[in-house]
Amino acid sequence: MDGIPAKLKELRNAAVPKLTVRAMAEALGVESSSYAYYEDAKKFKKPILPFDLAKKISVILGERGVDPSKVMQLAGLSSSANQTKLPLPCLLYTSDAADDT
């Protein structure tokens, strides 16, 4: 299975016109080395991209013919129903009203 860095690079290379790492970094407003970190499998080992970064990348690549949902999948969002693939924490509601009796 390809990791996030390989998939991200594949999506960037699928853009028309093709984007270099430097061009992607400029479009994001970050240094080339900062963006390159996410495409380096030796450095980026997390299971998902940060959501805000994926959102920005999806806009940039979406303008160049790449399906934005494919980028958002790298942030853990499912292409169907935009639900996360990772479990969400449960919030428990407790009422102090029972203590008032």
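Predicted model: local features only at pLDDT ≥ 70, side-chain atom pairs only at ≥ 80, totals over all residues.
Residues are numbered from 1 along each chain as its sequence is written, and side-chain values use heavy atoms, leaving out hydrogens and water.

Q: Which residues of helix 2 are buried?
A: Helices here are DSSP runs (H or I, at least four residues), numbered from the N terminus, and helix 2 spans residues 21–28. Buried means under 20% relative accessible area. In helix 2 that gives Met24, Ala25 and Leu28.

Q: Why are they on the same side of helix 2?
A: An α-helix has 3.6 residues a turn, so residues three or four places apart point the same way. The arc is taken from the directions from the helix axis to the C-beta atoms. They sit on the same side of helix 2 because they cover an arc of only 100°.

Q: Where is glutamate 39, and is it buried or exposed?
A: Glutamate 39 lies in the loop between helix 3 (32–38) and helix 4 (51–62). Its relative accessibility is 14%, so glutamate 39 counts as buried.

Q: Which residues is glutamate 39 in contact with, leaving aside its neighbours within four places in sequence?
A: Contact means heavy atoms within 4.5 Å. With those neighbours left aside, the partners of glutamate 39 are Pro5, Leu8, Lys9, Arg12 and Val21.

Conventions:
Helix = DSSP H or I, 4+ residues; strand = E, 2+ residues; numbered from the N terminus. Buried < 20%, exposed > 50% of the residue type's maximum accessible area, 1.4 Å probe, protein only.
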